[in-house]
Amino acid sequence: MVIFGIVLFVAAGVGFYFMRRARDQLHAMIGAETLPVNELEVLRRASDEVGARGGFRKQCEVVGAAHPRPEGVLVSELSKTECVWFRYVVKRRFERVSYRDGRRHTERRTETVSQHTSWEGYALRDDQGVLIGVDPNGTAPDRPEQVVKRFEPYNPQGPVVFGLQLPNIFDSSGTIGYEYEEWVIRPGRRLYILGEVHDKIGPLVIGKPERDGHFIVSTRTEQEVRDSRRTQHRWLSIGVPVATLAGIVLVVLGIVL
């Protein structure tokens, strides 16, 4: 019982972290202005006039359509989809055999064998048609489009004898197969972005704040993102105290009994 109690304590701690994160992101969205790029350019010029060229910083929200970088679109690795951002994960499903108490035990497990998130910047065209750079900084966006989700069974090739393909009896990897998943953001996809606008490289770019602040890139609207954070916070605010109380009860009972 003590072990289960400790597990519940750990779960409550993780839940508390995500509860605070959801609350902080919600407050950041409520407090941030949604600004057109033209207005950000006006603010940047005012910053330049007081001698702060390259030092402009403004935490805000921008909304518009994803636009490729000057070098052109990216092409995703698995599906070869033209996009401005992509991420893929390849996982291996396998069986692990162990012997305990004179018995053979088989466990099915999964391990990640390959994954990649694109770091290349792209742009966002706002509703007035003005572009602003986007620095993804390796951050996975909220609700990107999933273009690949498949499982391929592992079929090792054995030797060919008298024209017949025989199984590879020497393959002891235990591999069952491979899972492939890939997500993309296509050009033209409408995005909501909360972050920090800066002019460190010259043109305006929105990205992850240098210090305190949140960075959200979502294919959903601001209202949809807010609603999801409220729901997450609500459920966690119930689950965290329950898990904590249950953990205390199990630890006490485990010690007493």
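A residue is termed buried when its relative accessible area is under 20%, exposed when it is over 50%, and partly exposed in between (1.4 Å probe, protein chains only). The structure is a predicted model, in which local features need pLDDT of at least 70 and side-chain atom pairs count only at pLDDT 80 or more, whereas totals for chains, interfaces and linings use all residues. Residues are numbered from 1 along each chain as its sequence is written, and side-chain values use heavy atoms, with hydrogens and water left out.

The protein contains three helices and 14 strands, assigned as DSSP runs (helices, H or I, of at least four residues; strands, E, of at least two) and numbered from the N terminus. Of its 257 residues, 34% are buried. Serine 47, located in helix H2 (residues 37–49), is buried because its relative accessible area is 12%. Beyond residues up to four places away in sequence, serine 47 touches Ala52, Arg53 and Phe56, a contact being defined by heavy atoms within 4.5 Å.

Salt bridges, defined by a side-chain nitrogen of Lys or Arg within 4 Å of a carboxyl oxygen of Asp or Glu, number 18. One of them joins the side chains of lysine 58 and glutamate 33, with an N to O distance of 3.4 Å. Lysine 58 belongs to strand E1 (residues 57–67) and glutamate 33 to the loop between helix H1 (2–31) and H2, so this pair ties together parts that are 25 residues apart in sequence. Both partners are partly exposed, lysine 58 at 24% relative accessibility and glutamate 33 at 44%. Glu41, Arg44 and Asp199 are linked in a network of salt bridges.
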